[in-house]
Amino acid sequence: MFFRRVSPQITNPGGLWDESGELYPLLGATPRMQPLEWEFPAGARVRMAHMQYEQNRLDWQGAQIPLICWDELTHFTESQFWYLLSRNRSTCGVRPYVRATCNPDPDSFVAELIAWWLDDEGYPRPERAGVLRYFVRINDELVWADTAAELRAKYPEIPPKSLTFQPSKVDDNPALLSKDPGYKANLLALPYVERMRLLGGNWKIRPSAGTLFNRAWVSIVKAPPAGGTLCRFWDFAATEKKLVKDDPDYTASCLMLVTGGRWCVLDVTAEQISPTEVERQFINTSRQDAIEATKRGLSYRARWEMEPGSAAKRETRRLVSLLAGLDAKGVPSHKDKITRAKPFLAQAEAGNVSLVEAKWNEQWLQHMHNQPEAAHDDIWDATAGAFNALTAVAGGWTARSFQG
């Protein structure tokens, strides 16, 4: 059995099913689409299935599976993994065993399971690669030893299980790199945290201040470059700060210019103001932006994040009407804030982002550098929104216009 968390991951182009189609016919196997299965001349079968929900593990009660293969084990839960181990049995003559592939994920149970094979920084220890270790479960805790004999001596009634971890990097796959030499460049283009995981093999790195965004990546310029397209993106909050101890979200906006493959932040606002003041600032700032863009011969668009629901759609229609005559649209919220910002972060790290020198520079740099640990993320969201609105394909956002 091959398991993936959801079924599209099996049948996606280049996924398990496609790859098996390159190999198994050479051994005389016949495919069956329902279920996704290969049958071999001698009667052996290889099947591929998903285990999307926690309770799906119980679908395999009574099964006898001599080989269980987990494709990306970090996508599964700990209980799914351990329960299926009880199905890893057979009288067919094949000694039952389990194999799993995985990419680094510090929040997965796998990180703890393979901790002995990692150093203090989260990288695999070369001298421990492929070394067998043994464990038994006592009072729902795993007890480890270097040899099976150690555990048998201490727990004679419990047969030990063995486990090993074999790290690998992209350079260990010359067949892939020869067919697709650009793949390594794709990994090098990832934002820092993902690059350290997927290319560097780090199992402990997490988004923290200075790892998602580093202020040293951005240059400050006296004036913006000529030409290009302007966009101001708004991240609205409507609670007025009335008490010193209150700390509501900010209404933030980011005005960004793109030209010649480079992005320049021209202006940033962030204020804790009332709904009435938010609307006044939104109208006045947007129209002033449009006037300045016209003077410079630039196109200008106003965008804002639109939450799900009919109320948000009605509010977007109203905001569009307030900016009649301008290119104004609401953008449906999409994925989490870190995912939305990844395209911008990659360009910033590559040195393709600059700021126009102004008083707000330090506020913006501190806010971006301190994510995701900062108390607020309004400027972050506005910045990522402006970038994605200017490069819609890269950001994965879809702009939607509502006529007033």
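What follows are my entries on the sheet, its helices, a hairpin and a helix pair.

Entry 1, ground rules. I worked on a predicted model, in which local features need pLDDT of at least 70 and side-chain atom pairs count only at pLDDT 80 or more, while totals for chains, interfaces and linings use all residues. Residues are numbered from 1 along each chain as its sequence is written, and side-chain values use heavy atoms, with hydrogens and water left out.

Entry 2, the six-stranded sheet. I took helices (H or I, at least four residues) and strands (E, at least two) as DSSP runs numbered from the N terminus, and I called two strands paired if DSSP finds at least two bridges between them. I then read off an open sheet of six strands with mixed pairing, in the order E2-E3-E4-E1-E5-E6. Strand E2 (30-32) and strand E6 (97-100) stand at the edges with a single partner strand each, so one side of each has no neighbour in the sheet. From one strand to the next the twist averages 20 degrees, where angles run from 0 to 180 degrees between N-to-C directions and axes are lines fitted to C-alpha atoms, for helices over the stretch in contact.

I found strand E3 (residues 37-39) and strand E4 (residues 45-50) running antiparallel and joined by three bridges, with Val46 in E4 as the bridge partner of Trp38.

Helix H3 (residues 78-85) lies across E1, strand E5 (67-70) and E6, and runs at about 165 degrees to E5.

Entry 5, the hairpin. I looked up strand E7 (residues 133-138), which pairs with strand E8 (residues 141-145) in the antiparallel sense over five bridges, Val136 standing opposite Val143. Two residues separate E7 and E8 in this hairpin, and Asn139 in the turn has a positive phi of about 50 degrees. Three bridges also join E7 to strand E9 (residues 161-163), again antiparallel, and there Arg133 stands opposite Leu163.

The axes of helix H12 (residues 361-369) and helix H13 (residues 378-390) come within 9 Å and cross at roughly 95 degrees. That makes H12 roughly perpendicular to H13 (65 to 115 degrees). I listed Gln363, Trp364, His367 and Met368 of H12 against Asp378, Ile379, Trp380 and Thr383 of H13 as making the contact.

Conventions. Contact = heavy atoms within 4.5 Å. Parallel < 35°, antiparallel > 145°, perpendicular 65-115°, else oblique.
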